[in-house]
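Work through the exercises below with the sequence and the coordinates at hand. Each task is followed by a solution in steps.

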Amino acid sequence: MHLARFPRVRLAHLPTPLEPLERLSEELGVEIWIKRDDCTGLAGGGNKTRKLEFLLGEALEQGADTLVTQGAVQSNHVRQTAAAASAHGLACEVILEARTGSTATDYVGNGNVLLNQLFGAVMRTVPGGTDMVAELETTAQAVRARGGAPYVIPGGGSNATGALGYVDCAREIVVQADELDLKIDRIITATGSAGTHAGLVTGLAVMGADVPVLGIGVRAPKAKQEENVLKLAQLTAAKLGRPDAVTPEMVVADCDYVGEGYGLIDQAVIDALALAARTDGIVLDPVYSGKAMKGLIALSRQGAFKGETVVFLHTGGAQGLFGYQSELQGAL
């Protein structure tokens, strides 16, 4: 794969560290390493920065002056998109979906929402269950009507262009592991809008690295999540000129740790946040990496990874913790 063929704007601090979680490994009886994509740099870091390098590159190539995107109220993707737009002199218009139904002051006004305002994004909020694809087009049409040139980014930056960021991350992980003489048995990541999971699967498949990826679901049921990831991985592989590289058995999601729904946390998520923080000083987020860690902890204690060396992809998002202050206080 030759990613220089695709337009790209360098936004991230790369490569991000790959390092052992020694105390958590001892606690769970599994050798666990962490890929620190919370350290990508843009607006506090997170996995969307890798996607935005290719999305923004495409937007600028097309002459866009406004980025249009969407996400849940406490979307990490929206925060990083707003920052990328600001850093390159573009306007940013976002639609926030009240997906969790929370009206808590910290949730609707703190964390990522506050940072969106700081970066100058124009925000509007719609009810949960709204057709977000239609809302994106409505906003894009409004931008065009006033003479602007919008570039529409899907939720999570998850299309074949955005997924190239995690094709590159897969390459980066393999290079780092080889330099460390580290044999990786499995990569674990949160899987939601599918771009991160699909990009990793595609990158590893195209390289022939033969490392399985387990996605811990944060929203959709297993069958639907695997369908979404497979479709996007195959589109991404086709974009790379390798349409047959990804097969269905490469896409595996475990969606038993979603809990009551997207963005809704439970005591097991809070316990996972606390365990990561109090063993190795790692700050996770409650929506994505916290649920992925919840799954990793439970599966490790069930013996699912016995004898394996596992890499946990930290997708960032700690900024969202401040939107959950009322739920976290007293539960930690």
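Predicted model: local features only at pLDDT ≥ 70, side-chain atom pairs only at ≥ 80, totals over all residues.

**Exercise 1. Aromatic pairs**

Step 1. Take Tyr 107 and Tyr 324: the ring centres are 5.6 Å apart and the planes stand at 90 degrees. Planes over 60 degrees apart count as edge-to-face, so this pair is edge-to-face.

Step 2. Locate the two residues. Tyr 107 belongs to helix H4 (residues 105–109), while Tyr 324 sits in the loop between strand E10 (309–314) and helix H12 (325–328). The pair therefore ties together parts that are 217 residues apart in sequence. Tyr 107 and Tyr 324 are both buried.

Step 3. Take Tyr 262 and Tyr 288: here the centres are 5.8 Å apart and the planes are at 70 degrees, so this pair is edge-to-face.

Step 4. Locate these residues as well. Tyr 262 is in the loop between strand E9 (252–254) and helix H10 (267–280), and Tyr 288 is in the loop between H10 and helix H11 (289–301). The two are 26 residues apart.

Step 5. Is Tyr 262 buried or exposed? Its relative accessible area is 10%; the cut-off for buried is under 20%, so Tyr 262 is buried.

**Exercise 2. Two helices in contact**

Task: Describe how helix H7 (residues 160–179) and helix H9 (residues 222–239) cross, and which residues meet.

Solution. 

Step 1. The axes of H7 and H9 come within 9 Å and cross at roughly 85 degrees. Angles of 65 to 115 degrees count as roughly perpendicular, which makes H7 roughly perpendicular to H9.

Step 2. From H7, the contact uses Ala 160, Thr 161, Ala 163, Leu 164 and Val 167. They meet Leu 232, Leu 235, Thr 236 and Lys 239 of H9.

Step 3. Sorted by class, this contact of H7 with H9 has six nonpolar, two polar and one charged residues.

**Exercise 3. A sheet and its helices**

Solution. 

Step 1. Strand E4 (residues 91–98) is joined to E5 by six bridges. Glu 97 has Val 126 in E5 as its bridge partner.

Notes:
Residues numbered from 1 in each chain as written. Heavy atoms only, no water. Pairing = 2+ DSSP bridges. Helix = DSSP H or I, 4+ residues; strand = E, 2+ residues; numbered from the N terminus. Axes fitted to C-alpha atoms, helices over the stretch in contact; angles between N-to-C directions. Parallel < 35°, antiparallel > 145°, perpendicular 65-115°, else oblique. Contact = heavy atoms within 4.5 Å. Nonpolar A, V, L, I, M, F, W, Y, C, P; charged D, E, K, R; others polar. Phe/Tyr/Trp six-rings, centres within 6.5 Å; stacked < 30°, edge-to-face > 60°. Buried < 20%, exposed > 50% of the residue type's maximum accessible area, 1.4 Å probe, protein only.
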